[in-house]
Amino acid sequence: MSCLSARTGRQRQRYEGNLRLVSGCIPYRWIKDSTDQTGETEEMIEVLMVSSPKRDDLVFPKGGWEDDETVTEAACREALEEAGVKGLLRQVPLGIWEFRSKSNLDLCCTEGGCKGYMFAMEVTEELHTWPEQNNRSRQWLNIKQAFSLSRYEWMCSALEEFLRVIEEERKLEKQDEDSIGCPSSLVADVSESQTMAPPKCYKRSSTMPHHSMNSKKNILSCAS
């Protein structure tokens with residue numbers, strides 16, 4: 001059993017008017033997909049979703065933002081508690097979404113309203129045991145699967161913004177490749193939302209192993 005424990009209760013919960021403030025993330029990873037005739041290994045992006053207790057759906061890890069932590073600390077804590085993962089969290093949120101709880105089992109407040117801050121997290125460690133493993137299972141999915149299993153509109157919107165940020169990262173790293181010795185920012189400005197059609201999957205090709213955000217080259221291409 002895990003020596004960690006999940007926070008319980010609402011004593012330190014933050015509110016904005018009648019809205020409960022929530023923080024969460026879209027955890028993701030790159031996996032090896034295949035090797036072509038040139039010897040280049042393709043890697044495909046996957047995102048992690050977790051099951052909802054006593055409900056037949058999958059969600060991204062998220063939960064209440066409490067008054068003794070920053071919004072990014074809350075996102076990292078929820079990823080650890082609900083999904084058992086740690087990683088590199090982008091400091092700029094993908095966006096802020098207002099939504100209403102669909103179940104009395106997960107009410108955000110008396111009216112069920114939430115204001116959620118969502119981030120992108122590149123997973124670097126996946127724990128064998130975690131605080132909520134008895135109530136939640138976790139599942140790695142490709143982008144097409146994640147869209148099809150996202151039950152709520154705000155989740156699809158967060159996924160769209162996540163893909164836009166990944167594409168922006170690819171563009172920044174391409175600029176970095178073209179400018180020797182000129183560092184590029186790892187965090188994109190995602191203040192403006194942009195809608196895009198969900199692709200089947202996203203892949204990158206590389207002859208080098210992937211270790212961190214700094215090592216990514218030729219990151220993103222949309223598979224046909």
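pLDDT is the predictor's confidence in each residue, from 0 to 100, and a contact here means heavy atoms within 4.5 Å. This is a predicted model, in which local features need pLDDT of at least 70 and side-chain atom pairs count only at pLDDT 80 or more, while totals for chains, interfaces and linings use all residues. Residues are numbered from 1 along each chain as its sequence is written, and side-chain values use heavy atoms, with hydrogens and water left out.

View 1. Along the sequence the pattern runs β-β-β-β-β-α-β-β-β-β-α-α-β-β, which comes to 3 helices and 11 strands. These are DSSP runs numbered from the N terminus (helices: H or I, at least four residues; strands: E, at least two). Of the chain's 224 residues, 48% count as buried, meaning under 20% relative accessible area with a 1.4 Å probe, protein chains only. Among contacts with a separation of 6 or more, 70% link residues 24 or more positions apart. The accessible surface is about 11,800 Å², with 47% of it belonging to carbon and sulfur atoms; that area comes from the Shrake-Rupley method with a 1.4 Å probe.

View 2. Helix α1, residues 71-83. From first C-alpha to last, this 13-residue helix reaches 18 Å, close to the 18 Å expected at 1.5 Å a residue. The expected span is 1.5 Å times one less than the number of residues. Because 11 of its 13 residues are buried, α1 is largely enclosed by the rest of the structure. Asn142 in strand β9. Strand β9 covers residues 138-142, and Asn142 lies in it. Is Asn142 buried or exposed? At 18% relative accessibility, Asn142 counts as buried. Its side chain reaches the backbone nitrogen of Gln145 at 2.8 Å.

View 3. The chain's mean pLDDT is 78, and 69% of its residues reach 70 or more. Confidence is highest in strand β6 (residues 85-89), at a mean of 98, and lowest in strand β11 (residues 221-222), at 36. Two stretches stay under 50. Over residues 184-200, pLDDT stays under 50, and the model has 39 contacts beyond four places in sequence for them. Residues 205-224 also stay under 50, with 59 such contacts.

Notes
Buried < 20%, exposed > 50% of the residue type's maximum accessible area, 1.4 Å probe, protein only. Polar contact = N/O pair within 3.5 Å; in protein donor to acceptor, adjacent residues only side chain to side chain.
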